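Q: I would like to learn how to read a strand and a ligand site in a model, going from the general idea to the particular case. Could we work through one together?

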Amino acid sequence: LDADYDECWLRYPRVDDADRRESYARRCLHVYAGETSPQHGAIRDELREGLEGILGREPHLWQHPPRSADGFLVVGQPDLMEVVADSVDAGMVRSLDDDGYHLRSTTWEGAEVTVVTAPTDRGLVYGTFHLLRLMATGEPIDDLDVVEEPRNAERLINQWDEPFRGTVERGYGGESIFKWEHLPDLRERYFDYARLLASVGINGVVLNDVNTTRPERPGDLAGTGEFEGVDLLDEQHLPKVAALAAVFRRYGIRTYLSVNYASPMLVGDLDTADPLDDAVAAWWKDKVAEVYDLIPDFGGFLVKADSEGQPGPYDYDRSHAEGANVLGRAFEPYDGRVFWRAFVYSDHDDRAVQAHAIFEPQDGDFHEKVTVQVKNGPIDFQPREPVSTLFGDMPETHLACELQITQEYTGQGVHVCSHVPLWEEFFAFDTHADGEGTPVTEAFAGTEGEGIAGVGNVGEDGNWFGNYLSGVNLYGFGRLAWDPTLDGESVTEEWVRLTFGDDPEVVETVTDILQDSWEATVDYETGGLGLIHMMYNGEARLENHYDPAPAEWPGYTGATEDGIGYDRSSSGSDYVDQFADPVAERYDDPETCPDKLLLFFHHLPWDHELDDGRTVVQTLYDNCFAGVEEVKRLREQWRSLEGSIDEQRYRHVAERFDEQVEQAERWRDTLVEYFHDYSGVADERGRVPLA
Ligand code: GCU
């Protein structure tokens, strides 16, 4: 089937090396796979398409072991297939995590057999994609003995798709792919999206934006009447949700919904949403039961409450735990839960302090069926932030961490900016919550109800993402959510090989560009010393958070004539105190605070000297200029690939690089002038004030 869009990393091109292809064919041209579950259907489809691409010939699919073949691939659970039970340690497979799997090369009755097995059908889906990935990147499969289990139980995509508009909030890859007005009719794109997600190990998808309150005047596509009154929890829309859930189910992915806290009033006809009101509790119970009737494997709800205009328990003077628990209790009979976001402001002057001040005191009060979902940093997906202090400080609560895959603050649909290195830095952070060696990942790893959510980045564009290279962010997110200890560079290289093929020059160049892209963005958008929140916040949807406008936010940068930075030390807002020692001590002292976060924690004189002898203001200038030079260098590297990759993708990225360079210059110029206006200090190298 020809789709009018890119296949991303599921291209399955024919393997050039004839010997290698032969060895794959010997082991995989014949496939014995089950046919009894929706996941089996997905596995058979994927193998048909993938193997045909890779081997250059159509595979044969069997419902029993193909005894005449010299070799075959078998995909199934040990308890349901004799060949599998004979070929692996069945007890070991049964004991794997539900999403785990095992790949093994062996022989069976004289035939060379490749086994993909798992304790569940979902594990079989992941195992199948793993095997295809090995072949698509030309790796040998004659001697496989792979055992995989995810390090995080919950690996969710949070779509910020706005059903009442058909658009995506902070989405730069076009309109929403979900066409609510046409559902339950299905589009091929839904299946392909599910394939992309399952191929990197995602096991849940929240279909709609956390901002569920419909705007007074629905924008964009409104006025057509099509989107008015869309509420996914109502009787009209739940069957549509069920239709999508069936697509995702085939790939082992569970479906979730963002819900409005005032739903008992908006969807139901109660006159309150007070969590302590019996009628409200009963309403949620009934609603959840109604959902499970239609979608037996429903994943749960995601809630943004008491945040940025959304209703919540505060409307009734109730706490977040009280607010969340009424929902949690409604999930008691089911295998599902509530993800309750900690992105909540309070009236404390320092926004960094707020979420912790609200949530940490409620540690232990949240229902078993509630997960508190915390953004990686204390502010809001800035190019670089310290790690949120809630991680490690809520041991009695199920936690999930929320990352942003979409590039709201890092160049949106234009800039090349891989978040993989950002996430690696985050995952490696040692909270010291349980003494030295307590990486932040431990705060959300392990048990059911804990894991990682990522704000999605796909839309209706032909290439799904806006910027073609932004595909690495979805791919990298999935792979790292599965295992945050994976090496980011290897994950990136894997994506490049699957996406662009294995020409060594292309692989190395694109990998290097992506790996260096984030630090470049941090330099030109922040000056590289921990400043944040200097972006434009106007009405126009596209420029919003894309252009620089530091003067709009005096409170965030702390710029004065005397100095710059926000004092979060013990003599300031004391945000540092929320960290465990020795992290708190390290951040509290400008001498030991890492330069990259220095001005996040300290307000320092413009001429304060850093270790290398340069002043704060000079370093800010230098970094802003260096960021632009770095983007130019990355653009040159990309240009060196002309002719080595197809014209269409080459041009697409080259054009975006041109715009990125201009935009980086705009950021640099705006920031250095801003620093100069306050400090009055000229650049030692004569670049500022600008000519
Ligand atoms: C950011 C973003 C909003 C979003 C919010 C959230 O502030 O700009 O669009 O709604 O985060 O995470 O809820």
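The dialogue below takes a strand, a helix and the ligand in turn.

Q: Which way do side chains point in a regular strand, and which residues of strand 3 lie on each side?
A: In a regular strand, side chains alternate between the two faces of the sheet. In this model, which is predicted, strand 3 has G71, L73 and V75 on one side and F72 and V74 on the other, and all of them are buried. Five of the five residues of strand 3 (residues 71-75) are buried, so the strand is largely enclosed by the rest of the structure.

Q: Do the neighbours of strand 3 run parallel or antiparallel to it?
A: Strand 1 (residues 30-33) runs parallel to strand 3 and is joined to it by three bridges, with V31 partnered by L73. Strand 5 (residues 111-117) also pairs with strand 3 in the parallel sense, over five bridges, and there G71 has E112 as its bridge partner.

Q: How many residues of helix 5 are buried?
A: In helix 5 (residues 121-136), 15 of the 16 residues are buried. Just after this helix, G138 takes a positive phi of about 75 degrees.

Q: Which residues are closest to the ligand?
A: Of the 14 residues that surround the ligand, the closest are E169, K304, R341, K375 and E408, and by class the shell has four nonpolar, two polar and eight charged residues. A polar side-chain atom of K375 lies 2.6 Å from a ligand oxygen, while side-chain N or O atoms of R341 and of D380 are each 2.7 Å from an oxygen atom of the ligand. The protein covers 95% of the 310 Å² of accessible area that the ligand has on its own.

Notes: Residues are numbered from 1 along each chain as its sequence is written. This is a predicted model: local features need pLDDT of at least 70, side-chain atom pairs count only at pLDDT 80 or more; totals for chains, interfaces and linings use all residues. Side-chain values use heavy atoms; hydrogens and water are left out. A residue is near a molecule or strand if one of its heavy atoms lies within 4 Å of it. A polar contact is a pair of N or O atoms within 3.5 Å; within protein, one must be able to donate a hydrogen and the other to accept it, and residues adjacent in sequence count only if both atoms are side-chain atoms. Accessible areas come from the Shrake-Rupley method with a 1.4 Å probe; for residues, only the protein chains shown count as cover. Ala, Val, Leu, Ile, Met, Phe, Trp, Tyr, Cys and Pro count as nonpolar, Asp, Glu, Lys and Arg as charged, and the others, Gly among them, as polar. Helices (H or I, at least four residues) and strands (E, at least two) are DSSP runs, numbered from the N terminus. The expected span of a helix is 1.5 Å times one less than its number of residues. Buried means under 20% relative accessible area, exposed over 50%, partly exposed in between (1.4 Å probe, protein chains only). Two strands pair if DSSP finds at least two bridges between them.
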